[in-house]
Amino acid sequence: MPLPLILGVGAIAAGVTGIGSGIHGAVKMKEANDTMEKAKACHAKNMHRFEKANCEANKSMDKLGRLELEILHSFQEFSDLFEPIKNRPYFESYSKNGVTLPRYDGEELKEVSVGAGVLLGGLSGAALGTAGGFAAAGATTAAVMALGTASTGTAIASLSGAAATNAALAALGGGALAAGGGGMALGTTVLGVTTLGGGLLVGGVLFCLAGGKLSDKAEEAWAQTKEEEKKINEICVYLKELQTTAETYYNTLSSVNHVYRKYLEQLKFMVVDQRHTNWKAFTRKERLVTENTVLLVGLLYSMCKVELVLQSEKQDGINTINRNAIEHSINKAKIILKNSFSEKTLH
C-alpha cells in the first residue's frame with residue numbers, strides 16, 4: 001500500500017476516534033451544563049424562600065418593637081400625672097397568684113421613657129428590622145442604653161448588640177448562601193478545533209477531559225446547593241416561628257396596653273381635670289384606679305424587658321427564641337388581667 005494512502009487512512013481513523021471522543025465530551029458538557037442550571041434555579045428558589053421568610057419575620061418584629069417603644073415612651077405621661085399626687089403610699093412590689101412585679105421606680109421609668117423617645121425618633125427611614133432588633137434584645141434594655149448614648153450622637157444601629165441586627169438574627173456562615181451565590185463558579189470552556197485528523201483527535205480528547213472537569217464542578221455546585229437548602233430550611237422554620245411568636249406577643253402586649261390606656265385616661269381625668277392630687281382625699285375608686293395604673297406600668301415594663309431572641313454562641317449557628325421567658329411573660333399578663341382588674345373601676 002502506498003505510503004500516502006496509509007497516512008490518509010490513519011488520519012481518517014484518528015479523525016473518527018477524535019469525533020467519537022468529542023461527541024462523548026459534548027454529552028458530558030451538556031449534562032454538566034444542565035446540572036449547573038439546575039443548581040442555579042434551586043439556589044434562586046431557596047434564596048427567594050429565605051428572603052420572603054426573613055421579610056415577614058422582620059415586619060412582625062418591627063411592629064412589636066415599635067409598640068414596645070411607644071409604651072415605654074408613654075411612661076413619661078404617667079410619671080407627670082402620678083408624681084403630683086401628695087401623701088401617696090410607697091408602692092411595694094406586687095406578688096400575687098404566683099406573679100411578681102418590681103416596685104415602682106419613678107426615676108427609672110423617666111429614664112426609660114426618654115431613651116425610648118430617642119429610639120422612636122431615629123426609626124424614621126431606618127432599615128427594615130431595626131425596631132424588631134430592639135424587641136429581640138429587649139426594648140427596655142435598648143431604651144436605657146439609648147439614654148446613655150443620646151448625647152454622644154451614637155447611631156441607633158450601634159446602641160445594643162442584638163439590636164444592631166435585623167429580626168433574622170441568624171448567622172449564615174460562609175459558602176454560596178453568604179456570598180449570594182458567588183461561591184458557585186459557572187464559567188464556560190471554549191475549545192477551538194480547526195484541523196482534521198490528528199488535530200481533531202487531540203481536540204476531541206481535550207474536549208472530553210474538559211467535560212469531565214466541568215462535570216466534577218457541576219456536581220460540586222449541586223452538592224453545595226443541597227447543603228445550602230438544608231440550612232435555609234432550618235432558618236426558614238426559625239423565622240416562621242419567630243414571626244408567629246412576635247405576633248402572639250404583640251397581641252398580648254396590645255391587650256395589656258389597651259387596659260393601661262383606659263386607666264391612664266382615668267388618672268388624667270382625676271389629676272388634671274378634677275385637680276384631685278391628695279391621696280388622703282381620694283375615694284376608694286380613685287385609689288383603685290391609681291393602684292391599678294401603677295400595676296399595669298410595672299407589668300408593661302417587665303414585658304418590654306423580655307428578650308425575644310437568644311444569640312447563638314456559635315458564629316455560624318442559628319439563634320434561638322426565648323420561649324420560656326416569653327411564655328412566662330404572657331401567662332403573667334393573663335393572670336394579672338384576669339384577677340386584678342374590674343371594668344367597674346373604669347365607670
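**View 1. Tyr-260 in helix α5 pairs with Phe-75 in helix α1.** Tyr-260 is buried, at 0% relative accessibility. Buried means under 20% relative accessible area, with a 1.4 Å probe and protein chains only. Phe-75 is also buried, with a relative accessible area of 0%. The model is predicted; local features need pLDDT of at least 70, side-chain atom pairs count only at pLDDT 80 or more, and totals for chains, interfaces and linings use all residues. Residues are numbered from 1 along each chain as its sequence is written, and side-chain values use heavy atoms, leaving out hydrogens and water. The structure holds 3 aromatic pairs (ring centres within 6.5 Å, using the six-membered ring for Trp). In the pair of Phe-75 and Tyr-260, the ring centres are 6.2 Å apart and the planes stand at 85°, so the pair is edge-to-face (planes over 60 degrees apart). Helix α1 spans residues 3-82 and helix α5 residues 198-273, so this pair ties together parts 185 residues apart in sequence. Helices are DSSP runs (H or I, at least four residues), numbered from the N terminus.

**View 2. Phe-78 and Phe-82 form a stacked pair.** Their ring centres lie 5.3 Å apart, with planes at 20°, so the pair counts as stacked (planes under 30 degrees apart). Both residues sit in helix α1, 4 residues apart, or about one helical turn. Phe-78 is buried, with a relative accessible area of 0%. Phe-82 is buried at 0% relative accessibility.

**View 3. Lys-38 lies over the face of Trp-222.** The distance from the ring centre is 4.3 Å. A charge sits over a ring if NZ of Lys or CZ of Arg is within 6 Å of the ring centre and within 35 degrees of the ring normal.

Terms used: Helix = DSSP H or I, 4+ residues; strand = E, 2+ residues; numbered from the N terminus. Buried < 20%, exposed > 50% of the residue type's maximum accessible area, 1.4 Å probe, protein only.
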